[in-house]
Protein chains: 2
Amino acid sequence: AQGNYPHNNSSPPTWLEADEDGQWTMPAKNYASTRYSGLSQINRDNVKDLKLAWTFSTGLTPGHEAAPVFVDDTLYVVTPYPNTVYALALDGSKKWEYKPDTHQESQGMACCDVVNRGLVHVNGKLFFNTLDNHAIALEADTGKELWKTKVGDLQRGETMTMAPLVVKGKMLVGNSGGEMGVRGWLKALDTETGELLWTAYSTGPDKDVLIGEEFRPFYAQDQGKDLGASSWPPEMWKIGGGTVWGWLSYDPELDLVYYGTGNPGPWNPDFRPGDNKWTLTVFARRPDDGSAIWAYQIEPHDLYDYDGVNESLLIDMPFNGEQRKVLVRPERNGHVYVMDRTSGEVLSANTYVPVNVTDGVDLKTGQMRKVKDKQPGTNRTVHNICPAAPGGKDWQPSAYSPRTGLIYMPHNNLCMDMHGTQANYIAGTPYVGSDVKMFAGPGGHRGAYTAWDPVAGSKVWSIKEEFPVWSGTVATAGDIVFYGTMDRWFKALDAKTGELLWKYRVGSGIVGQPVTFQDKDGKQYVAIFSGVGGWSGAIVSGGLDARDGTAALGFVNAMKDLPQHTDKGGQLYVFSL
Amino acid sequence: AQGNYPHNNSSPPTWLEADEDGQWTMPAKNYASTRYSGLSQINRDNVKDLKLAWTFSTGLTPGHEAAPVFVDDTLYVVTPYPNTVYALALDGSKKWEYKPDTHQESQGMACCDVVNRGLVHVNGKLFFNTLDNHAIALEADTGKELWKTKVGDLQRGETMTMAPLVVKGKMLVGNSGGEMGVRGWLKALDTETGELLWTAYSTGPDKDVLIGEEFRPFYAQDQGKDLGASSWPPEMWKIGGGTVWGWLSYDPELDLVYYGTGNPGPWNPDFRPGDNKWTLTVFARRPDDGSAIWAYQIEPHDLYDYDGVNESLLIDMPFNGEQRKVLVRPERNGHVYVMDRTSGEVLSANTYVPVNVTDGVDLKTGQMRKVKDKQPGTNRTVHNICPAAPGGKDWQPSAYSPRTGLIYMPHNNLCMDMHGTQANYIAGTPYVGSDVKMFAGPGGHRGAYTAWDPVAGSKVWSIKEEFPVWSGTVATAGDIVFYGTMDRWFKALDAKTGELLWKYRVGSGIVGQPVTFQDKDGKQYVAIFSGVGGWSGAIVSGGLDARDGTAALGFVNAMKDLPQHTDKGGQLYVFSL
Ligand SMILES: O=C(O)c1cc(C(=O)O)c2c(n1)C(=O)C(=O)c1cc(C(=O)O)[nH]c1-2
Ligand SMILES: O=C(O)c1cc(C(=O)O)c2c(n1)C(=O)C(=O)c1cc(C(=O)O)[nH]c1-2
């Protein structure tokens, strides 16, 4: 698979700065969410000599999912709950730390471990969220708190785990709690003052969803008035989920923010006949006032907890002979969606893992063709649902290399049995109505790392992994990609061939996001958290009993052997040549 | 300081196997407790190239003090409470783990963090203690529990943190709890069955202390009947301390086990007029029946919590023109004692840190000359006591290199103010009667690493460290020594000159014990736990409030800035070239 790249004539958006500045200021690296670095000091030829420069222990044992951020020779990290922020010098010493006052009860509210996915550095300020629903801004030089705004309500089961996106002086933040009957939202705060500027709910009448004059959904089923309320049994949109706990991208030329919404609640679909809009929906919104420009509901009436919160990679690529501005979304439902990001049209949606609950997307209507006999419901068990609830891919974000034109996806290979039960809404308690048991998908491996050609809509190469690949990934101009495994390997592959070039045994399984950057003397580093946890790793981070397969919402059944490979414990690893 | 070594004609005992087998089977490396390895692949010239091979996270956050043990290409480690044992392959993968059922209350009983100092491998079996007073034997190949014996009583405030010594089919174990009015003891268990063979109490009548016919103490003040009872106010020997939480050595030729006992309780000396025998006493005992052969009370009527539990290094060395079998004891009271190990005679006792509470040992009588106006008592504050309660050196064990003839001592430089208060004995609660505030000793640094010539009785070189050096150390035939610092550096020095040859930034401060070993292919490794804690690190591992200087029995006052340098979190580091 050597040769001229990219074969496929894809490219980053024209507005994306092509020059690499060596910094890493936000988890997604840039607004296009390519997680690509133009650095090449560490490359295909010498990555075998990569050495651990130093480590830093956080003393915390939940899953460490955050991407480190690097600006002006300082590394910034935010930990899982209690969401301590550290500024570290490049010799590994602490410059400062900031420990927010947090509410302990938030730990009991989080569905999937008390994780945090990262902070953002903009103009000398750091922005991040706490599990207990506070958005916080710090002075990057000193760690001084500039402001702190409460945006959610623990009593209703709300929490926050997502990394914010900062756009045009606004900090965009969303909530978690889809398994607690929370009503999802995206909020914009003024980065100077922390003041709430607007709230876009995921469910409810158009005025709450910020659907107005300019709203132009591409497909018929997404058109109509107040669908966010009328596609639900009366009042149920108020506890209907559609949380916003994943990734946001931004196209400054089109002035559109993109993100997807989570699953409807409860999981058991019998309790919510209807399309359940706008759960599992991709939104394009104006950052200034939040108004919706288009929306596409990936799956009306979700059956399997296929949250639509995954990353949107913004690239330009040929489609039917024409160059299109697209967003590429490796969806939880097992398909990589390529969508026109100006209009919300689905250009292609091909499976990257075995899928047996749908027959794919009808590209004319945008509708998902569901397989009838895989429909779960109360007191009914459906066997062998593929993919399982965490999907073909969960939150773990992909990367795009303009040098290969490929998307690099860390992902799962899981199926499940699902049994519908009763579900009663009590504020601040689980609202699921489903018993799940997950297991390895076809092939017997539970994870994979796949290079995907978004133009051809097909796999180029794929590496099987024993466990779900629950880490992020980074691609570099050195033509290598990095990712971590839950059984404690940090790996570098040849971006073109997938050949394993280097691996390193870290202390605890990896569910963090690798980043790379260069110091002011031009030396390149790679950094990643180890510290297993998250939904997939809860058996270890939460010390769950392997005998109860339904624990951790059914994930434990698929991860019984994880404790043989790793214990918990958060530690930052910084590598260099 | 280059030249022919050893200058001083010291040597290991003649019975010590000179050939290096590349294993590390017990924390002290051998019965002589030299902590010296004959391996030299990693040496003065190439240690600068030492690299981290892999790490392993325990997911636990107390102080990690244990020495790893290496036998047949397997590393064995025991963690702090809950005292999990891991067998790890040399690629860092887990072979097995053993989690004892333990009583959570034991955590509240430990004076100085819930540490454990290591396990021992003998003939395919592993031996270790749990904080909640169980001695346990495991099958090394499988982790199968062979037996488990309860040897102490949590209700009385007993705990266990020490590493056992196995001698002649007996596992020797001692208790902790000197700050709870515990009565100290050493017990011998049958290594095959776990059966209790004998108990030697540290206080009480001769029959309890196993003082009989053969007992020949060298000095007059240690001779007499039932001194362990009569040197106390009535009955107070029953709650008098003298715990056995430190290190044991063994001379197979003389067939004597050596160890020292802890402080008398309570700290406030007004409550216990008398010599308080046999606290702060070095014992020589027969392993077969525990009978005492000689004893030397280092300090009768201890005033400052100067536990006498430190390591005894067994070497042979010239003294006044004659070669003597000695034990070298870097005591907590700030003196390095050189004692004839056949008789208990003190040959020399010179200070290695500033001492202002005594005028040294009278070598004729063996008696410590105490400075009157430094005597603390109820409602009295004595200022500037040097050394402070943790002594010139606490439990952190020294090493001896036969190539240099020097003793390498990781140690403290701390002084304190002490204020006597009331003390009431209630079983299982603190029994101290003293408020302490520690601070840096003369020079302003709080720790040092010192090379000591036991023959000359003087310092050869010394490296100042900002924090107490609370790690162990190892000396090797590569003429290097290793130790770790609480501010996250693992260091290698030239054993002859003290020159810093290499340092590495680990994740959390080091209070563990480095060891070195070689795999079956002849590759040498160095391993050490990071994970700050122990008494000195309790401010971090226990999350104590820096504003209360008297917290952690007064240690917090001296460690307020430690949290700026390190967080907690246990991780094993394994290095190789
Ligand atoms: O519906 C929600 O609000 C919500 C929140 C979260 C979260 O905040 O971590 C997860 C999920 N859902 C979820 O479905 C999921 O698979 C998941 C995995 C993880 C993780 O961090 O490993 N979080 C979440
Ligand atoms: O009197 C006792 O029983 C006892 C026990 C222990 C222990 O078991 O760790 C310590 C001490 N005392 C003690 O005096 C002391 O300085 C100390 C330091 C440490 C440590 O692990 O850092 N433990 C202990």
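Tutor: The answer below begins with the disulfides and then turns to the cavities, the core, a helix in each chain and one serine.

This is a predicted model, in which local features need pLDDT of at least 70 and side-chain atom pairs count only at pLDDT 80 or more, whereas totals for chains, interfaces and linings use all residues; side-chain values use heavy atoms, without hydrogens or water. Residues are numbered from 1 along each chain as its sequence is written, while chains are lettered from A and ligands numbered from 1 in the order in which they are written.

With a disulfide taken as a pair of cysteine sulfur atoms within 2.5 Å, the count over all chains is four. Such a link is a covalent bond between the sulfur atoms of two cysteines. In chain A the bonded cysteines, counted along the chain, pair in the pattern 1-2, 3-4.

One of the links in chain A joins C111(A) to C112(A), with 2.1 Å from S to S. The torsion about this S-S bond is about -100°, and the disulfide of C111(A) and C112(A) is therefore left-handed. C111(A) is partly exposed, at a relative accessible area of 39%, whereas C112(A) is buried, at 16%. Here buried means under 20% relative accessible area, exposed means over 50%, and partly exposed lies in between (1.4 Å probe, protein chains only).

A further disulfide of chain A is formed by C386(A) and C415(A), whose sulfur atoms lie 2.1 Å apart. The S-S torsion of C386(A) and C415(A) is 110°, and the link is right-handed. This pair connects distant parts of the chain, 29 residues apart: C386(A) belongs to the loop between β25 (381-385) and β26 (399-401), and C415(A) to strand β28 (residues 414-420), of chain A. Strands (E, at least two residues) and helices (H or I, at least four) are DSSP runs, numbered from the N terminus. C386(A) and C415(A) are both buried.

In chain B, a disulfide joins C111(B) to C112(B), at 2.1 Å from S to S. The torsion is -100° and the link of C111(B) and C112(B) is left-handed. C111(B) counts as partly exposed because its relative accessibility is 40%, while C112(B) is buried, at 16%.

A cavity is a set of points on a 1 Å grid over the protein atoms where a 1.4 Å probe fits but cannot get out, and its lining residues have an atom within 4 Å of a point. Six cavities of 30 Å³ or more are counted. Of the 28 residues lining the largest cavity, C111(B), C112(B), R117(B), E179(B) and W245(B) lie nearest its centre. This lining comprises 12 nonpolar, eight polar and eight charged residues, where Ala, Val, Leu, Ile, Met, Phe, Trp, Tyr, Cys and Pro are nonpolar, Asp, Glu, Lys and Arg charged, and the others, including Gly, polar.

The second largest cavity holds about 230 Å³. It is lined by 23 residues, and C111(A), C112(A), R117(A), E179(A) and W245(A) are the closest to its centre. By class, eight residues of this second lining are nonpolar, seven polar and eight charged.

Setting aside residues up to four places away in sequence, F575(B) has contacts (heavy atoms within 4.5 Å) with several residues, among them L50(B), F490(B), W502(B) and Y525(B).

Helix α4 (residues 534-541) of chain A is mostly covered, with eight of its eight residues buried. These buried residues pack against β29 (434-440) of chain A, and G543(A), which follows α4(A), has a positive phi near 60°. In chain B, helix α4 (residues 534-541) has eight of its eight residues buried. They pack against β29 (434-440) of chain B, and the helix is followed by G543(B), with a positive phi near 55°.

Finally, S33(A) sits in the segment before β1 (36-37) of chain A and is buried, with a relative accessible area of 1%. Its C-alpha lies 8.2 Å from that of Y400(A), although S33(A) and Y400(A) are 367 residues apart in sequence.

Conventions:
On a 1 Å grid over the protein atoms alone, a cavity is a set of points where a 1.4 Å probe fits but cannot get out, and a pocket is an open set with protein on both sides within 12 Å along at least five of seven lines; lining residues have an atom within 4 Å of a point. Grid points are joined across faces, edges and corners, and a volume is the space filled by probe spheres set on the points.
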